[in-house]
Amino acid sequence: MTRYDIAIIGTGPAGLEAAITAVVRNKNIILFGSKDLSRKMQVVDHPILNYLGLPSVTGKEMAAAFTKQLEELNISITEEKITTVYAMGDFFGLQTSANEIVEADSVILATGVTAGKPYPGEEKLLGRGVSYCATCDAPLYRGKTVACIGGSAHEEEEADFLGEVCEKVYYFPLYKGDITFHSPNVEVVRERPVEITGGMKTDALVTDQNTWPVSCVFILRDSQFPGQLVPGLETDGNAVKVDLQMATNLPGLFAAGDIAGQPYQYIKSAGQGNVAALSAVNYLAARKRSQQ
Ligand SMILES: Cc1cc2nc3c(=O)[nH]c(=O)nc-3n(C[C@H](O)[C@H](O)[C@H](O)COP(=O)(O)OP(=O)(O)OC[C@H]3O[C@@H](n4cnc5c(N)ncnc54)[C@H](O)[C@@H]3O)c2cc1C
């Protein structure tokens, strides 16, 4: 199995700048995210006035400029969601939504900010009827009734897959617009989830209108709360605690961009991505020296 020098999670300005800097410093990297880069760039139609070197471009135009730069440096994007990052001592194991493990000596988290907070019951029942990955955990609920909370239309494919495996899937979209599923087992419910209940295992999803008895609640957000993505990571609310080198409490793990706290700005995110990559490079060099 390939062990990468640096795994970078996120294709917004923070992750992209981290990838570019790491490649310029000759590191063997893997970059996880989306070929559309970041939804926060795709939706911004107004001119962005304060990004150095790209005056008055829209988010989409900025994304096109970033893509061109990636192509010039032969940086490819692996279109996988990372569901968990495990600190294994002297390396990291990254679990993908395809249920594979990728290994890296260091990791940069650049997954953006996750709005809100976990549902009551979510953290207590995680792994016991709460899941963030349909591909990984759907087989555990074969023939059962489950709920799926979808943060964006991107998650509909995952819900359709659940419909192929589970007897019944109640899909709770947190967004507007028409939804059609291929699987007849998936039913769209326009109610607002408020709580997940259960003792040793999940028994229901409670909404603002009803209680839905289910064996599992799949919560498919655009990005996960950082403490759920990386067990053992120190956080402050929705933000990862970092120092000025973008280092977290876990040696070899760095964070940059919105995930590292306010202000939420493109240029600040890109700058922190640069710092995180250089810190990862220094971390790898120091480790190599200590092993000689
Ligand atoms: C409507 C709107 C307007 C804005 N206008 C401005 C403005 O005018 N000027 C300005 O400076 N800023 C603006 N911002 C803020 C700016 O968009 C953010 O600060 C910036 O995008 C943050 O960059 P980031 O790289 O930290 O994260 P993001 O851009 O949020 O990117 C996060 C990336 O991580 C990926 N990801 C998340 N979780 C995972 C996972 N588990 N596995 C793999 N990939 C994952 C996502 O797909 C995405 O590619 C605006 C934001 C919004 C929403």
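This is a predicted model: local features need pLDDT of at least 70, side-chain atom pairs count only at pLDDT 80 or more; totals for chains, interfaces and linings use all residues.

**Positive phi in loops**

- S56, which is a residue other than glycine, has a positive phi, near 60°; its place is in the loop between α2 (39-42) and α3 (59-72).
- S56 counts as exposed because it has 10 C-beta neighbours inside 10 Å.
- N99 is likewise a residue other than glycine with a positive phi, in this case near 70°, and it sits in the loop between β4 (92-96) and β5 (101-109).
- N99 is exposed because 12 other C-beta atoms lie within 10 Å.

**Strand β1 and its partners**

- Strand β1, made of residues 3-9, is mostly covered, since five of its seven residues are buried.
- β1 runs parallel to β5, to which six bridges join it, and in β5 the bridge partner of I6 is S106.
- β1 also runs parallel to strand β2 (residues 29-32), with four bridges joining the two, and I8 stands opposite L31 in β2.
- When neighbours within four places in sequence are left aside, I8 is in contact with G15, A18, A19, I29, L31, F32, I108 and A110.

**Nonpolar cores**

- The largest nonpolar core has 51 residues, and those that touch the most other members are A7, I8, A18, I108, A255, A256 and A276.
- Helix α8 supplies the largest share of this core, with seven residues.
- Another core, of 28 residues, lies apart from the largest one, and its members include Y132, Y141, L162 and F172.

**The five-stranded sheet**

- An open sheet is formed by five strands in the order β6-β13-β7-β8-β9, with parallel pairing.
- Its edge strands are β6 (130-131) and β9 (186-188), each of which pairs on one side only.
- Strand β7, residues 145-150, pairs with strand β13, residues 216-220, in the parallel sense over five bridges, and C148 stands opposite F218 in β13.
- Helix α6, residues 156-165, lies across β7, β8 (168-173), β9 and β13, and it runs at about 175° to β7.

**Around the ligand**

- The ligand is surrounded by 30 residues, of which the closest are G10, G12, S38, G112 and G257.
- Two or more residues of this shell are given by each of the elements α1 (13-24) and α8 (266-291).
- By residue type, the shell around the ligand divides into 13 nonpolar, 14 polar and three charged residues.

Technical notes: Residues are numbered from 1 along each chain as its sequence is written. Two strands pair if DSSP finds at least two bridges between them. Two residues are in contact if their C-beta atoms, placed from the backbone, lie within 7 Å. Axes are lines fitted to C-alpha atoms, for helices over the stretch in contact, and angles run from 0 to 180 degrees between N-to-C directions. A residue is near a molecule or strand if its C-beta atom, placed from the backbone, lies within 6 Å of it. Ala, Val, Leu, Ile, Met, Phe, Trp, Tyr, Cys and Pro count as nonpolar, Asp, Glu, Lys and Arg as charged, and the others, Gly among them, as polar. A nonpolar core is a set of buried Ala, Val, Leu, Ile, Met, Phe, Trp, Tyr and Cys residues joined through C-beta atoms within 7 Å. A residue is buried if 20 or more other C-beta atoms lie within 10 Å of its own, exposed if 12 or fewer, and partly exposed in between; C-beta atoms are placed from the backbone.
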